[in-house]
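Hi,

Here is the structure I promised to pass on. Have a look at it first, and my notes follow below.

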Amino acid sequence: MAHIIPRIQGSDHGVTEDGVAVTTKHFPGGGARENGFDPHYAAGQWNVYATPGSLETYHLPPFAAAVKAGTSSIMPYYSKPAAAKSVVQHDLAGNTVEMKPYGFAYNKYFIDTMLRGQMGFDGYINSDTGIAHNMAWGVEMLDVPERIGFAVANAGVDIISGLFDNEAGMEAYNRGKNGYYETHPLPEGFAKEELTLTDEALDRAVARTLTELFALGMFENPYRDPDEAARIVATPSDWEAAADAHRRSVVLLKNDGTLPLTADKRANKKIYAEAFLKNAKHAADSTAALRKELADTCTLVDDPAQADFALLFVSPSSGEYFNATPGYLELDICEDKTVCNVDANGKPMADTHTETTLHGGKRLAEIAASVHANGGKVITNVNITLAWQLGNVEPLCDVLLAGFDTYRSATLDVIFGCFAPTGKLPLTLPRGDAVLAVNADGVCISPNDVPGYDKDRYMPDSLKDENGKAYAYRDAAGNYYEYGFGLEG
């Protein structure tokens, strides 16, 4: 946060005319999601803080850094704190956190007391899209105008993102003046002043959002010169800086000496290349693009049994937005894996379904066997968009790399020895299903509110190895694929 916000906004004290306003999300941290459920759905509405001090230790510091760096806006999440499933947490002033079961965009304690009062945030609060009509977790008993009033007047939200329901907003305002609650009952536990828009609340919200527009110079000149914009975007040094960042981000996880696969090592050698994705058509298109990129520098073959080297680009996918599964978020790189369904309370059921995170994933073992039978080597790059389990991939490989939606050209630069790998893992990759298991009561064996690098503090001894580690994936060479790991060459 301290690094990127000033560079995007144009200064270390807020957005400038030549900068881009930054919204930092999702306050107070989406990492406490119960068993990986998506808060776009009811099953994901809870944030569970099961371990002492986790909110203050892991979740709030990035937002405190963003506030210090002058972020223009902060966006709360849909979810709500789960007091019954959490241990006592403390805020940054050492006070016991009040965990009222309202979505964070409706939660006055988190927004007003903690974010504004303790962290000193003076920008505007931009709610996530859909809080008034869809993901109104914790305030389902309120109608839409009441939700608008409760978020803006009570909690301190300044923009309800994606809301174009002006009539509901006007209704929330008029109810404070036309005696509505003299003839209509107040929802139990709420006060009229919490549910209606006041002039004071509207003035505050408008002032905060206009402040950003003035800082951006939007009233003096809301337009940019498109030719100048195109020139700036095309600046060669910026593109080279981006390419260099991509190259430096590639993480070398495993190497038996095959890399660097320099031109002399590739001479008179045959290469099989294929890209794997969840979608079959996308995989075919990506494979065609990969082979085209390699055609001028490599001798390609269509049969892995003829290959001296296989280059496999593996890009699994799971739990895309608005595409919930009947079970838990699947982190295994798998095809047609049988897993349990979950009930409305997020507990595992006897019923099952199948999950696929990688189309053609079962062929990885077949390809590896064919290449190895030919005396060849398998080089695999996994695209890390989630904390994937690598048990179905790593044992098949002689070389394993990790990328992060990285330019393929940057990964190939590392593979072909044009750039020595320097990247380090920014997260910990889990060992397998055993360290992600959820019991009959819906409680995960590895606490949801603790990041991977610290989970071993809470894992059962029965899962720990001779080094006291349980959570991180460990390869045959004894390396743990945990935060900060990466081979250099």
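**What I found**

Arg 247 counts as buried, at 15% relative accessibility (buried is under 20% relative accessible area, exposed over 50%, partly exposed in between, with a 1.4 Å probe and protein chains only). Its salt-bridge partner is Glu 240, with 2.5 Å between the closest N and O atoms; a salt bridge here is a side-chain nitrogen of Lys or Arg within 4 Å of a carboxyl oxygen of Asp or Glu. Glu 240 itself is partly exposed, at 44% relative accessible area.

Before you read on: this is a predicted model, where local features need pLDDT of at least 70, side-chain atom pairs count only at pLDDT 80 or more, and totals for chains, interfaces and linings use all residues. Residues are numbered from 1 along each chain as its sequence is written, and side-chain values use heavy atoms, with hydrogens and water left out.

By that salt-bridge rule the count comes to 29.

- Lys 377 pairs with Asp 256, the closest N and O atoms being 2.9 Å apart. Lys 377 sits in strand 13 (residues 377–383) and Asp 256 in the loop between strand 7 (251–255) and helix 12 (263–266), so the bridge ties together parts 121 residues apart in sequence. (Helices, H or I of at least four residues, and strands, E of at least two, are DSSP runs numbered from the N terminus.) Lys 377 is partly exposed at 30%, and Asp 256 is partly exposed at 40%.
- Lys 177 meets Asp 199 at 3.2 Å, N to O. Lys 177 is in the loop between helix 6 (166–174) and helix 7 (180–183), while Asp 199 belongs to helix 9 (residues 199–215), 22 residues apart. Lys 177 counts as exposed at 55%, whereas Asp 199 is partly exposed at 38%.

As for the whole chain, there are 15 helices and 14 strands. The radius of gyration is 26 Å, close to the 23 Å that the globule rule gives for 489 residues, so the chain is as compact as a globular protein of that length (the radius is taken over C-alpha atoms, and the rule is 2.2 Å times the number of residues to the power 0.38). Buried residues make up 48% of the 489.

And helix 10 (residues 226–233)? Of its eight residues, the number buried is zero, so helix 10 lies largely in the open.

Cheers
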